[in-house]
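Here is a short briefing to read alongside the model. Keep the structure open while you go through the points below.

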Amino acid sequence: MNRRTLLASAAALSLAAGAALAQDVPKIAFVYVGPVNDGGWSQHHHESAMEMKDHFGDRIEIVEQESVPEGADAERVLTQMALSGADLIFTTSFGYMDPTINVAQKFPDVKFEHATGYKTADNVSAYSARFYEGRAITGYLAGAMTETDKIGYIGSFPIPEVIRGINSSYLHAAQANPDVEIAVVWLNTWFDPAKEADATQALLDQGADVVLAHTDSTAPLSVLEKAGAYGFGQAADMAEFKPTPRISSIIDDWAPYYIERVQAVLDGTWESHNVWQGIGDGMVGIGEFTGPIPEDALTHVTRMKEDIASGAYHPFTGPINKQDGSAWLAEGEVADDGTLAGMDFYVEGVSGEIPN
Amino acid sequence: MDPVLLVASIMVSATPILLAALGEMVVEKSGVLNLGVEGMMITGAVMGFAIAVTSGSPLMGFAGAAVSGAVLSLAFGFLTQYLLSNQVATGLGLTLVGLGLSALIGSHYEGQRAPALGKLDMPLLSDIPMLGRMLLSHDIMVYVSLALVAAVWAFLKYTRAGLILRAVGEDHASAHALGYKVVRVRMAAIAFGGACAGMGGAYVSLVRVPQWTEGMTAGAGWIALAIVVFASWRAFGVLIGAYLFGGVTVIQLNLQAAGTTVPVELLSMSPYLITIIVLVIISARGVQGAPASLGRSFHASS
């Protein structure tokens, strides 16, 4: 090779590199806490991400990492993603909040979107769904369906989102059945099918006959099916358990939000924000009502769903007392988002203590 | 709290780790440390589920799970016994392979229903008040696991083959000098351990949950490994360990569901806490009973 061809090829190379740079599309990354086929939470984030990918086609590139434990591992994964050129990273579990904030500080040019948390920064947005609106509906159904006057709730971690879910479920179960009791079991995991199954069995053994799950797998429904009890789809419709034991479900739909935010990155208009959307915005969906739900309960939840969507009804409307009997909301008063976001107390009627 | 329901739940919860731990104990008795229990369990879980769904027979599922667990463990056996690879690293690799392989095989079986394993109804016996329903009306695998405990105990204690297996585990050079086929004995033990772990996994996917979900054994294999140490490598110790661990797990969930005033944090850590306490007591007594050749590679030239 003589000098001329060497120079020519070097020029060609730099041209090629330039062309590659021009084609560089935004890289969108997703981090999931469970496997993408858990049938629930992580699967729905993944499917929404895929819907977003289909929407944009070649205009973006997508990277995903599943089953990332919350904590130090998450920080390592996020750093790796930021280093490998991700432009926007969605961290889709509550426990990624501090890792997201930490990594975001080190990479001010990378944008982050954290699900279900409350901390934001210039390059970190928080987005969440008002699951408690869905819990109001499933809670009411649980109250209407229980014959033992006892419903069970499988709690994952004692964080505000889960506590809101327990309170909302109980308040509306009590609307349907004033004698109802709620038993809460904490598992300290989002995904452990065997443990979720054991917890469901324990709740059944203790006399509950409707179980609401706040964990990610379909294991509770399998156990409920065997026992002839009722439950709900959580995060996903879990339609394979229709018509019973699953009598309705709370469905997360993240796709419209993902499309909107990626579009903002493409347009260069992305800004940090903190959004909380519910049934009205379509982020929380309610699955088809199936199974032997009594007619009046069915009419009630159908109306409640419309009222929540239109804003006519807020699931936390007074009078509501705290667990110790002290007043929280006066007659007709509606809970403010600040209190809800940091909710760390049970409402009156829920027994037991919240673990620290 | 109804003791009948409680004992029934404990038996279901303890059976997977009992099977896996029992198999691993035999493997370790022969002087091999196989850290791939989790991988063999999850493979057994998915294969058992797949075969049960395809054939419509849960028992076929368990048989298939045992075979697939054994086949996977023989890969470990080939690497460590013939190629003399490091047992710890190979075992960990086996776990990773098992987790990946099961996710691959299982993707078609998400959301499907397994045929139910019927409860064994023993005429007369099952009708005994309390005891009958508590102990004598479970599915057949619960009794298979208990029978296996007795069989392993008798095998190790009373049979010539059991004595050879223990000799290989205690001092493989001497056993070799006496003319015993060290590698063959160990391969057989490894296959047995794999079969047990596979059945334990299938119990999770066919009875305890019952469905296939990726990663569903969620660390049960590691608990089985701990229980072998906890049991000081004795069959009935494994039984006690597995039922203790399963029992404390189920009881703490029931206590939570019943709304006791005991702090949840204490309840959640109780299974692990009790395991640690017992381990401390055992080591304080000084009798541990680990096979002397545990984890050491053997080659006839050495």
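This is a predicted model: local features need pLDDT of at least 70, side-chain atom pairs count only at pLDDT 80 or more; totals for chains, interfaces and linings use all residues.

**Overview**

For chain B, an unreviewed UniProt entry lists "transmembrane region" at residues 6-23, 35-53, 59-79, 91-109, 140-156, 187-206 and 269-287. Residues are numbered from 1 along each chain as its sequence is written, chains are lettered from A and ligands numbered from 1 in the order in which they are written, and side-chain values use heavy atoms, with hydrogens and water left out.

**Annotated spans**

- Residues 6-23 of chain B are 100% helix and 0% strand, with 26 Å between the end C-alpha atoms. Helices (H or I, at least four residues) and strands (E, at least two) are DSSP runs, numbered from the N terminus.
- Another of the listed spans, residues 140-156 of chain B, is likewise 100% helix and 0% strand, and its end C-alpha atoms lie 24 Å apart.
- On chain A, an unreviewed UniProt entry gives "domain: ABC transporter substrate-binding protein PnrA-like" for residues 27-290. That span is 40% helix and 23% strand, and 41 Å separates its end C-alpha atoms.

**Strands and sheets in chain A**

- An open sheet is built from 6 strands with parallel pairing, in the order β2-β1-β3-β4-β5-β11 (chain A). Two strands count as paired if DSSP finds at least two bridges between them.
- β2 (61-65) and β11 (274-277) of chain A are the edge strands, each with a single partner, so one side of each has no neighbour in the sheet.
- From one strand to the next, the twist averages 15°. Axes here are lines fitted to C-alpha atoms, and angles run from 0 to 180 degrees between N-to-C directions.
- Within this sheet, β3 (residues 88-91) and β4 (residues 111-115) of chain A pair in the parallel sense over 4 bridges. A:Thr91 sits opposite A:His114 in β4(A).
- Strand β6 (residues 150-155) of chain A has 6 of its 6 residues buried, so the rest of the structure largely encloses it. Buried means under 20% relative accessible area, exposed over 50%, and partly exposed in between (1.4 Å probe, protein chains only).
- Which residues cover the two faces of β6(A)? A:Lys150, A:Gly152 and A:Ile154 are buried on one side, and A:Ile151, A:Tyr153 and A:Gly155 are buried on the other.
- In a regular strand, side chains alternate between the two faces of the sheet.
- β6(A) pairs in the parallel sense with β7 (residues 181-186) of chain A over 6 bridges, and A:Ile154 stands opposite A:Val185 in β7(A).

**Salt bridges**

- The count over all chains is 9 salt bridges, each defined as a side-chain nitrogen of Lys or Arg within 4 Å of a carboxyl oxygen of Asp or Glu.
- One of them joins the side chains of A:Glu225 and B:Arg113 (2.8 Å, N to O). A:Glu225 lies in helix α8 (residues 219-227) of chain A and B:Arg113 in the loop between α4 (87-106) and α5 (131-135) of chain B, so this pair joins two chains.
- Both partners are partly exposed, A:Glu225 at 32% relative accessibility and B:Arg113 at 34%.
- A:Lys242 forms a salt bridge with A:Asp237 at 3.7 Å between the closest N and O atoms. A:Asp237 is buried at 18%, whereas A:Lys242 is partly exposed at 28%.
- A:Lys242 also forms a salt bridge with A:Glu288, at 2.9 Å. These two residues are 46 residues apart, with A:Glu288 in the loop between β12 (284-286) and α10 (295-310) and A:Lys242 in the loop between β9 (230-235) and β10 (246-252) of chain A.
- Shared partners join A:Asp237, A:Lys242, A:Arg246 and A:Glu288 into one salt-bridge network.

**Two buried polar residues**

- A:His46, in helix α2 (residues 41-56) of chain A, is buried at 17%. Its side chain makes a polar contact of 2.7 Å with that of A:Glu64. A polar contact is a pair of N or O atoms within 3.5 Å; within protein, one must be able to donate a hydrogen and the other to accept it, and residues adjacent in sequence count only if both atoms are side-chain atoms.
- B:Thr90, in helix α4 of chain B, is buried at 14%, and its side chain makes a polar contact of 2.8 Å with the side chain of B:Ser85.

Conventions. UniProt positions are given in the numbering used here, feature names are shortened, and annotations may be inferred rather than shown by experiment.
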